[in-house]
Amino acid sequence: MQYISRLFETSLPACDPREKRALLRIVLEHLTGWNYTELILKKHEILSEELHEETERIIGRLQNGEPIQYILGQADFCGLSFYVDRHVLIPRPETEELVAWISDNSAPELSVLDIGTGSGCIPICLKRQHPDWHISALDISEEALATARRNAEKHQTDIDFFQYDILCEPTVHLPVWDIIVSNPPYVCESEKHGMEKHVLEHEPHTALFVPDDDPLRFYKAITTFAQKHLQPDGTLFFEINRTYGNEVEKLLEKENFPNVERRFDMYGNERMIRACRK
């Protein structure tokens with residue numbers, strides 16, 4: 001027999017007591033459907049054998065360092081719940097600020113392209129906020145696109161997803177967009193030592209890392225792509241490595257984007273950049 005209250009005594013490595021209680025609460029809320037108040041009121045109840053076994057299975061994965069979002073197949077972003085798996089990055093709160101910056105544009109019927117869409121969180125949230133916008137999204141990974149399409153269907157958003165390698169020369173005819181946005185891989189290999197273990201061991205490295213000798217690889221490729229596929233008065237939005245804001249700005253100015261603005265995220269890190277041709 002397992003009482004609900006006893007579950008909160010479970011040991012989770014690398015977690016402080018507050019984080020541990022929060023994780024276990026999320027697990028129980030997910031499995032039982034009870035909210036926090038109900039959990040408190042029912043803390044002396046006994047879990048059914050089925051729920052106990054499922055809870056133990058999830059706790060075992062948590063003890064191995066697997067992110068709770070992958071275990072439950074769920075991550076919150078901009079007030080929506082997204083399905084996530086090991087083929088896509090877990091959406092970060094900082095990226096919500098990038099979505100908000102783009103969404104400040106109130107022009108009707110804009111066309112938007114998201115490059116490296118992963119779970120599809122950026123285009124889906126933009127489409128929910130601006131139903132009249134025409135939104136497309138691409139990714140090199142067919143598995144990631146399957147996840148993004150699943151999320152688009154869940155949130156009833158009409159988005160044109162397609163597979164494409166932004167580092168290769170185009171072999172197909174593509175349209176022109178008003179806005180191109182990307183949260184590309186930007187973490188240098190040398191930065192791995194400072195990252196959390198659960199990120200390194202479970203999130204897709206192809207969506208995270210770039211070589212130390214070419215940290216702007218994707219910004220160069222996307223800016224080149226934009227020369228042909230962005231409207232003359234169009235806008236580029238990037239999430240960036242806080243270390244390379246100056247370098248990204250210089251790259252954009254060199255490629256005929258004279259109006260560049262950088263922004264800090266909620267944690268005080270330089271994290272976003274907008275570049276306009278006019």
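1. What is the handedness of the crossing of H6 and H7? In this predicted model, the crossing of helix H6 with helix H7 is right-handed. H6 spans residues 93-103 and H7 spans residues 121-129. Their axes come within 10 Å and cross at roughly 40°. That angle makes H6 oblique to H7, because an angle counts as roughly parallel under 35 degrees.

2. The residues that form this contact can be listed for each helix. H6 contributes Thr95, Leu98, Val99, Ile102 and Ser103, while H7 contributes Ile122, Cys125, Leu126 and Gln129. Sorted by class, the contact of H6 with H7 has 6 nonpolar and 3 polar residues, with no charged residues.

3. A second pair is formed by helix H2 (residues 17-32) and helix H4 (residues 49-63). These two helices pack at an angle of about 145°, and their axes lie 11 Å apart. The crossing in which H2 passes H4 is right-handed.

4. In the contact between H2 and H4, the residues on the H2 side are Leu24, Val27, Leu31 and Thr32. They meet Leu51, Glu54, Thr55, Ile58, Ile59 and Leu62 of H4. The division by class is 7 nonpolar, 2 polar and 1 charged.

5. The crossing of H10 and H11 is right-handed.

6. Tyr219, Lys220 and Thr223 represent H10 in this contact, and Val248, Leu251 and Leu252 represent H11. By class, the contact of H10 with H11 comprises 4 nonpolar residues, 1 polar residue and 1 charged residue.

7. How many cavities of 30 Å³ or more does a search of the whole structure find? The search finds 1 such cavity. The largest cavity holds about 30 Å³ of space.

8. Which residues line the largest cavity? The lining consists of Tyr186, Pro215, Leu216, Tyr219, Ile240, Asn241, Tyr244 and Val248. By class, this lining has 7 nonpolar residues and 1 polar residue, and no charged residues.

Technical notes. Residues are numbered from 1 along each chain as its sequence is written. This is a predicted model: local features need pLDDT of at least 70, side-chain atom pairs count only at pLDDT 80 or more; totals for chains, interfaces and linings use all residues. Side-chain values use heavy atoms; hydrogens and water are left out. Axes are lines fitted to C-alpha atoms, for helices over the stretch in contact, and angles run from 0 to 180 degrees between N-to-C directions. Helices (H or I, at least four residues) and strands (E, at least two) are DSSP runs, numbered from the N terminus. Angles under 35 degrees count as roughly parallel, over 145 as roughly antiparallel, 65 to 115 as roughly perpendicular and the rest as oblique. A crossing is left-handed if the near helix is turned anticlockwise from the far one by less than a right angle, and right-handed if clockwise. Contact means heavy atoms within 4.5 Å. Ala, Val, Leu, Ile, Met, Phe, Trp, Tyr, Cys and Pro count as nonpolar, Asp, Glu, Lys and Arg as charged, and the others, Gly among them, as polar. On a 1 Å grid over the protein atoms alone, a cavity is a set of points where a 1.4 Å probe fits but cannot get out, and a pocket is an open set with protein on both sides within 12 Å along at least five of seven lines; lining residues have an atom within 4 Å of a point. Grid points are joined across faces, edges and corners, and a volume is the space filled by probe spheres set on the points.
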